[in-house]
Amino acid sequence: MSTDTIPEKMMAIAITEPGGPLVLKPQRRDVPMPRPEEILIKVRAAGVNRPDVFQRIGAYPPPKDASDLPGLEAAGEVVAVGANVKRWRIGDPVTALTAGGGYAEYVTVHESNALPIPHGLTFTEAAAIPETFFTVWHNVFQRGQLQKGESFLVHGGSSGIGTTAIQLAAAFGAYVITTAGSADKCDACLKLGANRAINYRDEDFVAAVKDATDGKGVNVILDMVGGDYVDRNYAAAAEDGRIVQIASLGGPQSTVNVSRLMAKRLTHTGSTLRPRSIAFKGTIAAELEERVWPLLADRRVAPVMDMIFPLREAWRAHERMEEGDHIGKIVLDVS
Ligand SMILES: NC(=O)c1ccc[n+]([C@@H]2O[C@H](COP(=O)([O-])OP(=O)(O)OC[C@H]3O[C@@H](n4cnc5c(N)ncnc54)[C@H](OP(=O)(O)O)[C@@H]3O)[C@@H](O)[C@H]2O)c1
């Protein structure tokens, strides 16, 4: 490991207490030391995700052994490598899924959870990729088993997750339907490759999905809403449909008609990425690099950039996210 130019201290954004965006404050912290299988990244940009907001308000504590600092993804240059690191060399540009700690000038990550920056992407674009691409790959393609020629519904189509899910599902040959809360958001989703965008404030998504699929319903649903959407998802699903739950923004409790589940032979599953093992995340990274990185390098798929804020103003980034007007990803510039 080389430590020549690495300072002992760094600037990081800490959650000083559970609360609103202003509890995010710059702090001096020790630069983390990479373990034998880890790399140290000099962060150039860090992605902001809704789970960071939940962590900030005290509703999503970091897993044991993870940094208490927020930040689930970061891009930058490798500046030190642990003794057993095989793939990376000092100076390599990488983007990585982190278990926390992305809102900082330096972060450590297991070497298998880092990926090369796809050709032609900036650090800010690269930092906007890991959290949503890992989540969508696992939940839509591994768990939901979305196949070419099938139909797919993603709720929250203009979110970081939604914009990724629309593009990947379309790129892999699915018929894509999405819901969003305004005409502008629906337009953005159509431009990204959705075949049909439903403004859920004006239209009942179950009826619209049935209409768009000749009454059959959709094969796979990615849902971040939960609450009363669960039963409506059962209604919007096709026979043998797969519904994958990744959040419950509309509430965790739900009343469902289980007869529908049986009659249509539905599968309702779900997952959360952050607590999964490094090895599991490494397998997703490997699949993404093989199947999705070429699409990013060709610009057939790209992170949708909403706004970029300086690291010190992370609180503004959270404000922007909580206002709910963003389309795509909010990123912190750490240069
Ligand atoms: N399970 C996992 O592994 C995992 C990983 C990453 C993220 N997530 C979750 O995925 C969700 C999206 O994350 P993100 O970072 O992409 O967040 P984001 O960009 O802030 O998106 C949230 C979206 O949810 C929609 N929304 C919010 N409240 C809603 C409600 N009550 N009913 C309907 N739609 C609602 C909003 O769209 P409208 O304005 O159109 O309503 C918005 O586009 C978050 O809940 C996050 O916690 C889960």
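Helices (H or I, at least four residues) and strands (E, at least two) are DSSP runs, numbered from the N terminus. The model is predicted: local features need pLDDT of at least 70, side-chain atom pairs count only at pLDDT 80 or more, and totals for chains, interfaces and linings use all residues. Residues are numbered from 1 along each chain as its sequence is written, and side-chain values use heavy atoms, with hydrogens and water left out.

**View 1. The shell around the ligand.** The ligand is surrounded by 25 residues, each with a heavy atom within 4 Å of it. The closest are G181, K185, Y200, S271 and H326. Twelve residues of this shell are nonpolar, ten are polar and three are charged. Here Ala, Val, Leu, Ile, Met, Phe, Trp, Tyr, Cys and Pro count as nonpolar, Asp, Glu, Lys and Arg as charged, and the others, Gly among them, as polar. At least two shell residues come from each of α1 (50-56), α3 (130-143) and α4 (160-171). The top contributor is α1, with three residues.

View 2. A polar contact here is a pair of N or O atoms within 3.5 Å. The side chain of K185 places an N or O atom 2.5 Å from a ligand oxygen. For the side chain of H326, the distance from an N or O atom to a ligand oxygen is 2.8 Å. L273 uses a backbone N or O atom, 2.8 Å from an oxygen of the ligand. Alone, the ligand exposes 910 Å², and the protein buries 87% of that (Shrake-Rupley method, 1.4 Å probe).

**View 3. The largest pocket.** The ligand takes up the space of the largest pocket: more than half of its atoms lie within 2 Å of the pocket's grid points. A pocket is an open set of points on a 1 Å grid over the protein atoms alone, where a 1.4 Å probe fits, with protein on both sides within 12 Å along at least five of seven lines; lining residues have an atom within 4 Å of a point. The volume is about 930 Å³, counted as the space filled by probe spheres set on the points, which are joined across faces, edges and corners. Of the 41 lining residues, R50, S159, M224, A247 and L249 lie nearest the centre. The largest share, four residues, belongs to α3.

**View 4. The second largest pocket.** This pocket holds about 650 Å³ of space. Its lining has 31 residues, with E38, D65, A66, S67 and A99 closest to the centre. β2 (24-30), β6 (106-110) and α9 (278-291) each supply at least two lining residues. β6 gives the most, five. The lining divides into 13 nonpolar, eight polar and ten charged residues.

Methods
Polar contact = N/O pair within 3.5 Å; in protein donor to acceptor, adjacent residues only side chain to side chain.
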